[in-house]
Amino acid sequence: MQVIFHLGAQRSATTTFQHYMRSHMQALSTSGIGFWGPQRLRETGLFEGLYAGPSGKVSDEAIAIAKPQIAKALDLAAARGVRTLVISEENMLGSVKGNLRHRALYPDAKTRLRGFVQAMDRPIDKVMLGLRPLDTYWNSALAYGVKRGAPLPKPDDLSAISASERSWCDVVRDISEVVGEADIELHKFEDFADAPDVRLARALGGNAVLPKAKQGVRMNEAPDLSELRVAMTKRGSNPASLPDGEGRWQPFSPEQTEALAERYADDLFWCVAGAGGVAKLIERKTLEEVGMSLPPAAIRGLTYDQARRMGQAS
(Lines give C-alpha, C1' and ligand atoms only; values in the text may rest on other atoms or scores of the structure.)
Protein backbone atom coordinates (compact mmCIF):
# COMPACT_ATOMS: atom_id res chain seq x y z
CA MET A 1 0.00 0.00 0.00
CA GLN A 2 1.35 3.39 -1.01
CA VAL A 3 1.13 6.09 1.66
CA ILE A 4 0.94 9.76 0.64
CA PHE A 5 1.34 12.53 3.22
CA HIS A 6 -0.51 15.69 2.23
CA LEU A 7 1.01 18.28 4.57
CA GLY A 8 -1.09 21.25 3.52
CA ALA A 9 0.12 23.91 4.01
CA GLN A 10 -2.50 25.96 5.80
CA ARG A 11 -4.10 28.80 3.82
CA SER A 12 -3.09 26.96 0.62
CA ALA A 13 -6.40 25.39 -0.48
CA THR A 14 -5.88 22.50 1.94
CA THR A 15 -9.45 22.50 3.24
CA THR A 16 -10.75 22.51 -0.34
CA PHE A 17 -8.66 19.43 -1.12
CA GLN A 18 -9.83 17.68 2.05
CA HIS A 19 -13.46 18.53 1.29
CA TYR A 20 -13.10 16.99 -2.17
CA MET A 21 -11.53 13.81 -0.77
CA ARG A 22 -14.19 13.49 1.96
CA SER A 23 -17.06 14.17 -0.46
CA HIS A 24 -15.93 11.46 -2.88
CA MET A 25 -14.61 8.79 -0.53
CA GLN A 26 -16.94 6.10 -1.85
CA ALA A 27 -16.10 6.77 -5.49
CA LEU A 28 -12.38 7.02 -4.74
CA SER A 29 -12.48 3.71 -2.87
CA THR A 30 -13.46 1.93 -6.10
CA SER A 31 -10.03 2.94 -7.44
CA GLY A 32 -8.33 1.68 -4.29
CA ILE A 33 -7.83 5.17 -2.84
CA GLY A 34 -8.31 5.70 0.88
CA PHE A 35 -8.38 8.95 2.82
CA TRP A 36 -7.54 9.92 6.38
CA GLY A 37 -8.30 13.58 6.97
CA PRO A 38 -8.36 15.82 10.03
CA GLN A 39 -11.86 14.75 11.06
CA ARG A 40 -10.91 11.09 11.33
CA LEU A 41 -7.42 11.66 12.70
CA ARG A 42 -8.53 14.04 15.44
CA GLU A 43 -11.91 12.58 16.35
CA THR A 44 -10.64 8.99 16.63
CA GLY A 45 -7.44 10.04 18.39
CA LEU A 46 -5.32 8.16 15.87
CA PHE A 47 -2.64 10.88 16.01
CA GLU A 48 -3.28 11.63 19.67
CA GLY A 49 -0.20 13.06 21.38
CA LEU A 50 1.64 13.71 18.12
CA TYR A 51 0.53 17.33 17.80
CA ALA A 52 3.44 19.11 19.45
CA GLY A 53 2.78 22.12 21.66
CA PRO A 54 4.78 25.37 21.67
CA SER A 55 8.02 23.40 22.12
CA GLY A 56 7.59 21.90 18.65
CA LYS A 57 8.79 18.48 19.87
CA VAL A 58 6.88 15.21 20.13
CA SER A 59 7.64 12.99 23.10
CA ASP A 60 8.97 9.45 22.68
CA GLU A 61 6.13 8.24 24.91
CA ALA A 62 3.49 9.73 22.58
CA ILE A 63 5.16 8.11 19.57
CA ALA A 64 5.28 4.72 21.30
CA ILE A 65 1.57 4.93 22.19
CA ALA A 66 0.55 5.97 18.67
CA LYS A 67 2.55 3.30 16.79
CA PRO A 68 0.33 0.24 17.46
CA GLN A 69 -2.87 2.22 16.87
CA ILE A 70 -1.62 3.49 13.51
CA ALA A 71 -0.28 0.05 12.52
CA LYS A 72 -3.67 -1.52 13.23
CA ALA A 73 -5.45 1.16 11.18
CA LEU A 74 -3.02 0.68 8.28
CA ASP A 75 -3.56 -3.08 8.30
CA LEU A 76 -7.32 -2.58 8.28
CA ALA A 77 -7.09 -0.16 5.35
CA ALA A 78 -4.99 -2.65 3.36
CA ALA A 79 -7.44 -5.45 4.17
CA ARG A 80 -10.26 -3.30 2.77
CA GLY A 81 -8.47 -3.02 -0.55
CA VAL A 82 -6.83 0.39 -0.17
CA ARG A 83 -3.82 0.52 -2.48
CA THR A 84 -3.10 4.24 -2.04
CA LEU A 85 -3.76 5.96 1.27
CA VAL A 86 -3.80 9.77 1.32
CA ILE A 87 -3.21 11.16 4.82
CA SER A 88 -4.01 14.87 4.88
CA GLU A 89 -3.18 16.81 8.06
CA GLU A 90 -1.82 20.34 7.80
CA ASN A 91 -1.00 20.50 11.50
CA MET A 92 1.84 18.04 10.98
CA LEU A 93 3.92 21.07 9.94
CA GLY A 94 2.71 23.45 12.61
CA SER A 95 -0.10 25.96 12.88
CA VAL A 96 -1.06 29.40 11.65
CA LYS A 97 -1.04 30.53 15.28
CA GLY A 98 2.53 29.27 15.68
CA ASN A 99 3.68 30.97 12.49
CA LEU A 100 2.20 34.26 13.67
CA ARG A 101 3.76 33.83 17.10
CA HIS A 102 7.21 33.17 15.65
CA ARG A 103 6.65 35.62 12.75
CA ALA A 104 8.17 32.97 10.48
CA LEU A 105 7.07 30.15 8.18
CA TYR A 106 6.83 26.81 10.05
CA PRO A 107 10.07 27.31 12.02
CA ASP A 108 9.85 23.92 13.77
CA ALA A 109 8.40 21.88 10.91
CA LYS A 110 11.26 19.38 11.14
CA THR A 111 10.75 18.34 14.75
CA ARG A 112 6.96 18.34 14.47
CA LEU A 113 6.87 16.21 11.33
CA ARG A 114 9.48 13.78 12.67
CA GLY A 115 7.06 12.63 15.38
CA PHE A 116 4.39 11.68 12.83
CA VAL A 117 6.87 9.90 10.56
CA GLN A 118 8.30 7.87 13.43
CA ALA A 119 4.82 6.95 14.66
CA MET A 120 3.90 5.64 11.17
CA ASP A 121 6.76 3.14 11.59
CA ARG A 122 6.90 2.54 7.84
CA PRO A 123 8.27 4.47 4.87
CA ILE A 124 6.27 7.39 3.48
CA ASP A 125 6.10 7.02 -0.30
CA LYS A 126 5.16 10.53 -1.31
CA VAL A 127 4.67 13.98 0.24
CA MET A 128 2.43 16.71 -1.17
CA LEU A 129 2.91 20.34 -0.19
CA GLY A 130 1.03 23.37 -1.48
CA LEU A 131 3.00 26.56 -2.11
CA ARG A 132 1.17 29.87 -1.88
CA PRO A 133 2.68 33.26 -2.75
CA LEU A 134 4.10 34.60 0.49
CA ASP A 135 2.32 37.94 0.38
CA THR A 136 -1.14 36.39 0.02
CA TYR A 137 -0.22 33.56 2.40
CA TRP A 138 0.60 36.00 5.20
CA ASN A 139 -2.38 38.25 4.38
CA SER A 140 -4.63 35.20 4.66
CA ALA A 141 -2.92 33.93 7.82
CA LEU A 142 -3.23 37.29 9.57
CA ALA A 143 -6.90 37.66 8.60
CA TYR A 144 -7.61 34.11 9.75
CA GLY A 145 -5.86 34.79 13.04
CA VAL A 146 -7.75 38.02 13.70
CA LYS A 147 -11.08 36.33 12.98
CA ARG A 148 -10.21 33.65 15.56
CA GLY A 149 -9.35 36.18 18.24
CA ALA A 150 -5.77 37.25 17.62
CA PRO A 151 -4.97 40.96 17.99
CA LEU A 152 -4.23 43.05 14.94
CA PRO A 153 -0.54 42.80 14.01
CA LYS A 154 1.74 45.58 15.16
CA PRO A 155 4.10 47.37 12.76
CA ASP A 156 7.02 45.41 14.24
CA ASP A 157 5.21 42.14 13.46
CA LEU A 158 4.69 43.09 9.84
CA SER A 159 8.31 44.25 9.50
CA ALA A 160 9.63 41.01 11.01
CA ILE A 161 7.47 38.81 8.78
CA SER A 162 8.37 40.67 5.60
CA ALA A 163 12.08 40.65 6.50
CA SER A 164 12.22 36.98 7.53
CA GLU A 165 14.56 34.98 5.35
CA ARG A 166 12.71 31.73 5.99
CA SER A 167 10.71 30.73 2.95
CA TRP A 168 9.11 27.71 1.28
CA CYS A 169 12.45 26.33 0.15
CA ASP A 170 13.53 26.14 3.81
CA VAL A 171 10.33 24.28 4.72
CA VAL A 172 10.91 21.84 1.86
CA ARG A 173 14.49 21.19 2.95
CA ASP A 174 13.27 20.49 6.49
CA ILE A 175 10.68 18.04 5.16
CA SER A 176 13.27 16.26 3.03
CA GLU A 177 15.46 15.63 6.07
CA VAL A 178 12.62 13.83 7.82
CA VAL A 179 10.81 11.78 5.17
CA GLY A 180 13.77 9.77 3.91
CA GLU A 181 13.42 8.54 0.33
CA ALA A 182 9.87 9.80 -0.14
CA ASP A 183 9.13 11.78 -3.30
CA ILE A 184 8.24 15.36 -2.41
CA GLU A 185 5.86 17.06 -4.83
CA LEU A 186 5.19 20.79 -4.67
CA HIS A 187 1.88 22.17 -5.93
CA LYS A 188 1.40 25.86 -6.68
CA PHE A 189 -1.65 27.43 -5.06
CA GLU A 190 -2.46 29.38 -8.21
CA ASP A 191 -2.57 26.14 -10.23
CA PHE A 192 -4.61 23.88 -7.97
CA ALA A 193 -6.59 25.99 -5.46
CA ASP A 194 -9.89 25.29 -7.24
CA ALA A 195 -8.91 21.98 -8.87
CA PRO A 196 -8.46 19.34 -6.15
CA ASP A 197 -9.31 16.57 -8.59
CA VAL A 198 -6.50 17.60 -10.93
CA ARG A 199 -4.19 17.91 -7.96
CA LEU A 200 -4.96 14.37 -6.82
CA ALA A 201 -4.56 13.05 -10.36
CA ARG A 202 -1.10 14.63 -10.57
CA ALA A 203 -0.13 13.03 -7.25
CA LEU A 204 -1.38 9.63 -8.42
CA GLY A 205 0.45 9.83 -11.72
CA GLY A 206 -2.59 10.62 -13.86
CA ASN A 207 -3.82 7.04 -14.31
CA ALA A 208 -6.71 6.87 -11.84
CA VAL A 209 -10.30 7.57 -12.89
CA LEU A 210 -11.37 10.31 -10.49
CA PRO A 211 -14.66 12.08 -9.78
CA LYS A 212 -14.79 15.65 -11.01
CA ALA A 213 -14.58 18.46 -8.48
CA LYS A 214 -17.43 20.96 -8.39
CA GLN A 215 -16.37 24.17 -10.10
CA GLY A 216 -15.72 27.31 -8.08
CA VAL A 217 -15.56 25.63 -4.66
CA ARG A 218 -13.18 27.34 -2.23
CA MET A 219 -13.43 26.22 1.39
CA ASN A 220 -12.32 28.18 4.46
CA GLU A 221 -11.29 31.28 2.56
CA ALA A 222 -9.80 34.14 4.54
CA PRO A 223 -12.36 36.66 5.84
CA ASP A 224 -12.60 39.99 4.06
CA LEU A 225 -12.67 43.37 5.77
CA SER A 226 -16.42 43.25 6.38
CA GLU A 227 -16.19 39.87 8.06
CA LEU A 228 -13.24 41.02 10.17
CA ARG A 229 -15.18 44.06 11.39
CA VAL A 230 -18.09 41.82 12.41
CA ALA A 231 -15.78 39.37 14.20
CA MET A 232 -13.96 42.11 16.09
CA THR A 233 -17.21 43.83 17.07
CA LYS A 234 -18.67 40.57 18.40
CA ARG A 235 -15.76 40.07 20.78
CA GLY A 236 -15.75 43.68 21.94
CA SER A 237 -12.73 44.89 19.97
CA ASN A 238 -12.66 48.17 18.08
CA PRO A 239 -12.67 47.54 14.31
CA ALA A 240 -11.81 51.18 13.57
CA SER A 241 -8.14 50.28 13.29
CA LEU A 242 -8.90 48.28 10.17
CA PRO A 243 -8.69 50.26 6.91
CA ASP A 244 -11.80 51.64 5.28
CA GLY A 245 -13.34 49.98 2.28
CA GLU A 246 -14.25 46.43 1.36
CA GLY A 247 -12.48 43.42 -0.09
CA ARG A 248 -9.38 41.64 1.14
CA TRP A 249 -7.34 43.08 3.96
CA GLN A 250 -3.85 44.17 2.90
CA PRO A 251 -1.91 44.74 6.15
CA PHE A 252 1.55 45.02 4.57
CA SER A 253 2.99 48.14 2.99
CA PRO A 254 3.73 48.07 -0.76
CA GLU A 255 7.44 47.70 0.00
CA GLN A 256 6.81 44.79 2.38
CA THR A 257 4.48 43.13 -0.12
CA GLU A 258 7.13 43.45 -2.80
CA ALA A 259 9.76 41.86 -0.53
CA LEU A 260 7.48 38.88 0.14
CA ALA A 261 6.63 38.53 -3.55
CA GLU A 262 10.32 38.55 -4.48
CA ARG A 263 11.07 35.86 -1.93
CA TYR A 264 8.32 33.68 -3.41
CA ALA A 265 9.71 34.27 -6.90
CA ASP A 266 13.04 32.99 -5.59
CA ASP A 267 11.25 29.92 -4.23
CA LEU A 268 9.70 29.20 -7.60
CA PHE A 269 12.98 29.64 -9.41
CA TRP A 270 14.61 27.23 -6.96
CA CYS A 271 11.83 24.74 -7.77
CA VAL A 272 12.20 25.16 -11.53
CA ALA A 273 15.96 24.69 -11.27
CA GLY A 274 15.46 21.32 -9.57
CA ALA A 275 14.78 22.19 -5.92
CA GLY A 276 18.25 21.07 -4.95
CA GLY A 277 17.35 17.52 -5.93
CA VAL A 278 15.04 17.08 -2.93
CA ALA A 279 11.63 17.86 -4.48
CA LYS A 280 9.75 18.31 -7.75
CA LEU A 281 7.43 21.10 -8.80
CA ILE A 282 4.14 19.70 -10.12
CA GLU A 283 2.24 22.23 -12.19
CA ARG A 284 -1.25 22.25 -13.71
CA LYS A 285 0.63 21.97 -16.96
CA THR A 286 3.93 20.20 -16.59
CA LEU A 287 7.13 21.88 -17.69
CA GLU A 288 7.35 19.34 -20.50
CA GLU A 289 3.88 20.27 -21.74
CA VAL A 290 4.93 23.90 -22.09
CA GLY A 291 8.25 22.95 -23.67
CA MET A 292 10.40 23.71 -20.63
CA SER A 293 13.37 21.42 -21.16
CA LEU A 294 16.23 23.81 -20.46
CA PRO A 295 18.97 22.63 -18.10
CA PRO A 296 19.31 24.52 -14.79
CA ALA A 297 22.54 26.20 -15.95
CA ALA A 298 20.70 27.79 -18.87
CA ILE A 299 18.14 29.51 -16.63
CA ARG A 300 20.33 30.46 -13.68
CA GLY A 301 20.02 34.18 -12.99
CA LEU A 302 16.62 34.54 -14.68
CA THR A 303 13.29 35.10 -12.99
CA TYR A 304 10.80 32.25 -12.93
CA ASP A 305 8.61 33.85 -15.63
CA GLN A 306 11.65 34.52 -17.83
CA ALA A 307 12.70 30.92 -17.51
CA ARG A 308 9.26 29.68 -18.48
CA ARG A 309 9.14 31.98 -21.51
CA MET A 310 12.53 30.71 -22.64
CA GLY A 311 11.33 27.15 -22.23
CA GLN A 312 8.19 27.84 -24.28
CA ALA A 313 10.20 29.54 -27.01
CA SER A 314 12.63 26.63 -27.24
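These legends describe close-up views of one predicted model.

Local features are given where pLDDT is at least 70 and side-chain atom pairs only at pLDDT 80 or more, whereas totals for chains, interfaces and linings use all residues. Residues are numbered from 1 along each chain as its sequence is written, and side-chain values use heavy atoms, with hydrogens and water left out.

**View 1. The protein chain as a whole.** The chain holds 15 helices and 6 strands; helices (H or I, at least four residues) and strands (E, at least two) are DSSP runs, numbered from the N terminus. Of its 314 residues, 49% are buried, where buried means under 20% relative accessible area, exposed over 50% and partly exposed in between (1.4 Å probe, protein chains only). Among contacts with a separation of 6 or more, 78% link residues 24 or more positions apart; contact means heavy atoms within 4.5 Å.

View 2. Strand β4 (residues 126-131) runs parallel to β5 and is joined to it by 6 bridges. In this pairing, lysine 126 stands opposite aspartate 183. Strand β6 (residues 280-282) also runs parallel to β5, with 3 bridges between them. Here leucine 186 is placed opposite leucine 281 of β6. Two strands pair if DSSP finds at least two bridges between them.

**View 3. Packing of helices α7 and α12.** The axes of α7 (residues 134-147) and α12 (residues 225-234) come within 9 Å and cross at roughly 30°. Axes are lines fitted to C-alpha atoms, for helices over the stretch in contact, and angles run from 0 to 180 degrees between N-to-C directions. The two helices are therefore roughly parallel to each other; angles under 35 degrees count as roughly parallel, over 145 as roughly antiparallel, 65 to 115 as roughly perpendicular and the rest as oblique. From α7, Ala143, Val146 and Lys147 meet Glu227, Leu228, Ala231 and Met232 of α12. By class, the residues of this contact are 5 nonpolar, no polar and 2 charged. Ala, Val, Leu, Ile, Met, Phe, Trp, Tyr, Cys and Pro count as nonpolar, Asp, Glu, Lys and Arg as charged, and the others, Gly among them, as polar.

**View 4. Surroundings of glutamate 90.** Glutamate 90 lies in the loop between β3 (84-88) and α5 (96-102). Its relative accessible area is 11%, so glutamate 90 is buried. Its side chain makes a polar contact of 2.8 Å with the side chain of glutamine 18. A polar contact is a pair of N or O atoms within 3.5 Å; within protein, one must be able to donate a hydrogen and the other to accept it, and residues adjacent in sequence count only if both atoms are side-chain atoms. Leaving aside neighbours within four places in sequence, glutamate 90 is in contact with Leu7, Gly8, Gln10, Thr14, Gln18, Pro38 and Arg42.

**View 5. Backbone details in two loops.** A cis peptide bond, with omega about 5°, joins glycine 8 and alanine 9. Alanine 9 is in the loop between β1 (2-6) and α1 (14-23). Alanine 13 is also found in the loop between β1 and α1; its phi is near 65°, a positive value in a residue other than glycine. At 14% relative accessibility, alanine 13 counts as buried. Asparagine 220, in the loop between α11 (196-204) and α12, has a positive phi of about 60° although it is not a glycine. Asparagine 220 is partly exposed, with a relative accessible area of 41%.
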